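Here's a quick tour for anyone meeting this structure for the first time.

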Amino acid sequence: MNNQWLAFFQGIIFVKVQGQGAERLINRLLRSGIPIWNVSKQGEQAILFSCSLQHIHKVRRAARTFEGDLHFYRGEGFPFLLKRLWRSSGFLVGAAAFLVVVLLLSNIVWRIDIGGASPKMEHQIRKELAGMGIEKGKFIFSADDPETVQHKLLNRIEGLTWVGVEVRGSTFHFRVVEKTAPKEKKVKGPRHLVAAKEAVIAKLFVKKGQAAVKRDQFVHKGQLLVSGFIGTEDRLKEVAADGEVWAETWYKAKVEMPVSTEFQVLTGRQMKKHRLEAGSFKLPVWGFKNHSFADYKKDEQLHSISFLGMKLPVSYAETTYYESKQTSRSYTEKEAELRALDIARGDLEAKLPEKAEIRGEKILQRQFTNGKVKLSIHFQVLENIAVEKPITQGDKKNARRKKHNEYPARKSE
């Protein structure tokens, strides 16, 4: 037969014809158009030949009048290979199951190594990793990629300066650099506490030193609040003034807020697709249908697959499609004004020192133009305005002449 590959996939039958008239049977097969090949004579009355599996019934019909023996003694080709494989299917299933189990075990987290962290920090990191699905017994490809894990840890854990994330085999390796708290600056010599800005004194807490201002007094920037001199004018003693001076300060802010806005929101509907990738070849595993979302956000994660610690040139990809829709939100002028106030208040709180408190607010000017509300706002804030100032030789000379130096009261406007 000319096409040996075609014969292999169709199946090849080896036939032995023995008896008187064997040659006549061969001629009959040829006249009937049945393809046979590898015809050879064995002995005086035996002939061997090969034919295709699909013609075996034609051979049998042609041999009905043959008085000798017709024996199909061997079969080769793809159909017979499948039959032999089916007979040993138990072995094949076991081998395939073994490979699958080894592959799965190679992609499970068996160890998490954290170096450079204190016991307290290590406990906190392991707790955050567990919340992200990275712990012993979990699949590696179900976790985020190392760059995302690094970003999440730095955002969620205070006290981390840097963290390196690396996946080697079935082990996550973390290298941590913690923030070192700055040492408290030692006071170099005596000091005063002076005003950081203009304000009206609300309350004082003096631990060391002598108060130089009173409640409800207006002070200028740089004015002495707590003196570092104690004692009498004849016997002055220099100390490091310490305490808090809380005063009312003032801030102005300008903000604008559109009355109507449009934005994208997620509806909650989603669809996931899973596939295996090897170079440019992509094999879908789950989620064969295409999504029907008109608008959507796409999130794709690619995970490498390892086998016995070796990284395979195959990756597992998970793609999630989140349905989104465009929506609009409209405010009344009053609602837009309140929203603008909230934004201005939030911006100011982010800039204020710790423990500072907004005590009041007043809208100085409002405008409604081009679909926007524009506000100019005056805020009243309670904050600690005391800052340190070293005592100089000039302060010592002035202190001997006058125990307290005060700025004149603010003139009425």
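Two strands count as paired if DSSP finds at least two bridges between them. Helices (H or I, at least four residues) and strands (E, at least two) are DSSP runs, numbered from the N terminus. The model is a predicted one, where local features need pLDDT of at least 70, side-chain atom pairs count only at pLDDT 80 or more, and totals for chains, interfaces and linings use all residues. Residues are numbered from 1 along each chain as its sequence is written, and side-chain values use heavy atoms, with hydrogens and water left out.

- Strand 5 (residues 111-115) runs parallel to strand 7 (residues 171-178), and five bridges join them.
- Within that pairing, G115 sits opposite R175 of strand 7.
- Strand 7 also pairs with strand 6, this time in the antiparallel sense, over eight bridges.
- Here L160 stands opposite E178 in strand 7.
- Strand 6 and strand 7 make a hairpin with two residues between the strands, and G169 takes a positive phi near 65 degrees there.

- Strand 16 (residues 260-278) pairs with strand 19 (residues 310-330) in the antiparallel sense, with 15 bridges.
- One spot to look for is Q264, which stands opposite Q326 in strand 19.
- Strand 16 is also joined to strand 17 (residues 281-286) by five bridges, again antiparallel.
- R275 has P284 of strand 17 as its bridge partner.
- Strand 16 and strand 17 form a hairpin too, with two residues between them, and G279 in the turn has a positive phi of about 70 degrees.

- Follow the order 10-12-8-22 and you'll trace an open sheet of four strands with antiparallel pairing.
- Strand 10 (210-211) and strand 22 (386-390) are at the edges and have a single partner strand each, so one side of each is left without a neighbour in the sheet.
- Q210 has S227 in strand 12 as its bridge partner.

- Most residues other than glycine have a negative phi.
- N38 isn't a glycine, yet its phi is positive, near 55 degrees.
- You'll find N38 in strand 2 (residues 36-42).
- N38 is exposed, at 54% relative accessible area; the cut-offs are under 20% for buried, over 50% for exposed and partly exposed in between, with a 1.4 Å probe and protein chains only.
- K355 isn't a glycine either, and its phi is positive at about 75 degrees.
- The loop between helix 8 (333-351) and strand 20 (357-369) is where K355 lies.
- K355 counts as exposed, with 62% relative accessibility.

**The largest pocket**

- A pocket is an open set of points on a 1 Å grid over the protein atoms alone where a 1.4 Å probe fits, with protein on both sides within 12 Å along at least five of seven lines; its lining residues have an atom within 4 Å of a point.
- The largest pocket is lined by 18 residues, and I140, P146, V167, S304 and K311 lie nearest its centre.
- Strand 6 (160-168), strand 18 (296-307) and strand 19 each supply at least two residues of this lining.
- Strand 18 gives the largest share, four residues.
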